[in-house]
Amino acid sequence: MYVQGFVIPVPEGNKDAYREVARKFWDIVKDYGCLSQIECWEADVKDGTTTDFRMAVKAEGGEKIVFSWTTWPDRATADSAHEKLMADPRMETEFGAPDGSDMPFDGKRMIIGGFEPLFIGEA
């Protein structure tokens, strides 16, 4: 398994618009082998003294933190999907302007990373 994680600051008033973007993204990414997509809206994110989620993404007043991740069978599938996603015409038609100005968040402040699971506990 391979996990891609994201932390995104989203204006509080854009919650529904963000949910719709996430849904549209799932409609595309699952076609390229993604196993799951989890999108979480801030419910209890405390301010830290050295660092925290807000500081990490330079969140501004009125923004909420979205913590999300996608799971893949392996890194090769995720890497291959990235190239296919960038070439998929839906990526240009489903999310507004090519420069991202129509998105319900500032993509320049999004944190993205790929991870190999170290431990998975399941009930």
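Is Lys30 buried, partly exposed or exposed? Lys30 comes out as partly exposed, with a relative accessible area of 39%; here buried means under 20%, exposed over 50% and partly exposed in between, using a 1.4 Å probe and protein chains only. This is a predicted model, where local features need pLDDT of at least 70, side-chain atom pairs count only at pLDDT 80 or more, and totals for chains, interfaces and linings use all residues. Residues are numbered from 1 along each chain as its sequence is written, and side-chain values use heavy atoms, leaving out hydrogens and water.

**View A. Lys30 in its loop.** Lys30 sits in the loop between H1 and S2. Helices (H or I, at least four residues) and strands (E, at least two) are DSSP runs, numbered from the N terminus. Look across to Trp72: 42 residues separate Lys30 and Trp72 along the chain, yet their C-alpha atoms are 9.6 Å apart.

**View B. Helix H1 and its buried side.** Tyr18, Val21, Ala22, Ile28 and Val29 are the buried residues of H1. They cover an arc of only 120° around the axis, so they lie on the same side of H1; that arc is taken from the directions from the helix axis to the C-beta atoms. Their packing partners are S1, S2, S3, H3 and H4, with contact meaning heavy atoms within 4.5 Å.

View C. Ala78, Ala81 and Leu85 are the buried residues of H3. Their arc is only 60° around the axis, which puts them on the same side of H3. These buried residues pack against S1, H1, S3 and H4.

**View D. The largest pocket.** The largest pocket has a volume of about 990 Å³. A pocket is an open set of points on a 1 Å grid over the protein atoms alone where a 1.4 Å probe fits, with protein on both sides within 12 Å along at least five of seven lines; lining residues have an atom within 4 Å of a point. Grid points are joined across faces, edges and corners, and the volume is the space filled by probe spheres set on the points. Of the 33 lining residues, Phe25, Met91, Met103, Phe105 and Met110 are the closest to the centre. H3 gives the largest share of the lining, 5 residues.
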